[in-house]
Amino acid sequence: MALKMLSNQKALNLLGLSLRAGQLVMGEGLVIKAIQQEKAKLVLVATDASQATQAKFAAKGDTYSVPVLNAFTKEAMSQALGRPRTIIAVVDQGFAKRLIALLNTQGA
């Protein structure tokens, strides 16, 4: 349990860092555009986003071979980024790989 919380917090901290580094795209329309232009390396959709939103981004991710994860609530993402967010795309491969690694350890 402690490992999961630690990995979760590290992932949220990394989201904030990637925002400051200019490596995030936020908002539904901009994220879809980033996916279609093959700029998105990872898409995060809030766990409490609507089922339709989650399904739409899962389908886009499948179509364009972009991993789509549901890892955080809207509140957790918004707190990490300092603004209300439900959907974000990471456009840097290094940040994306590290986030995936951190989030995969949550299941441990």
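Which residues are exposed on the other side of helix α4? I began my notebook with this, keeping in mind that the model is predicted.

**Entry 1, helix α4**

I looked up helix α4, which spans residues 74–81, and found that its buried residues are Met 77, Ser 78 and Leu 81. Looking down the axis of α4, I noted that these buried residues fall within an arc of 95°, so they line one face of the helix. On the other side of α4 I found Glu 75 and Gln 79, which are exposed, and that settles my opening question. Here I took buried to mean under 20% relative accessible area and exposed to mean over 50%. I then followed the chain just past the end of α4, where Gly 82 takes a positive phi of about 75°.

Which strands does β2 pair with, and in what sense? With strand β4, residues 87–90, β2 runs antiparallel, and four bridges join the two. With strand β3, residues 68–69, the pairing is parallel and rests on two bridges.

Stepping back, I counted five helices and four strands in the protein chain, and reading along the sequence I wrote down their pattern as α-β-α-β-α-β-α-β-α.

I then checked the overall dimensions, and the C-alpha atoms fill a box of roughly 35 × 30 × 25 Å along the principal axes. Because a compact globule with 108 residues would have a radius of gyration near 13 Å, the value of 13 Å for this chain agrees with that expectation.

How much of the chain counts as buried? I found 38% of the 108 residues. For the accessible surface I noted about 5,800 Å², of which 53% belongs to carbon and sulfur atoms. Lastly I looked at contacts with a separation of 6 or more, and residues 24 or more positions apart account for 79% of them.

Notes:
Residues numbered from 1 in each chain as written. Predicted model: local features only at pLDDT ≥ 70, side-chain atom pairs only at ≥ 80, totals over all residues. Heavy atoms only, no water. Pairing = 2+ DSSP bridges. Rg over C-alpha atoms; globule rule 2.2 N^0.38 Å. Buried < 20%, exposed > 50% of the residue type's maximum accessible area, 1.4 Å probe, protein only. Contact = heavy atoms within 4.5 Å. Areas by Shrake-Rupley, 256 points an atom, 1.4 Å probe, with all protein chains shown as cover. Arc of directions from axis to C-beta.
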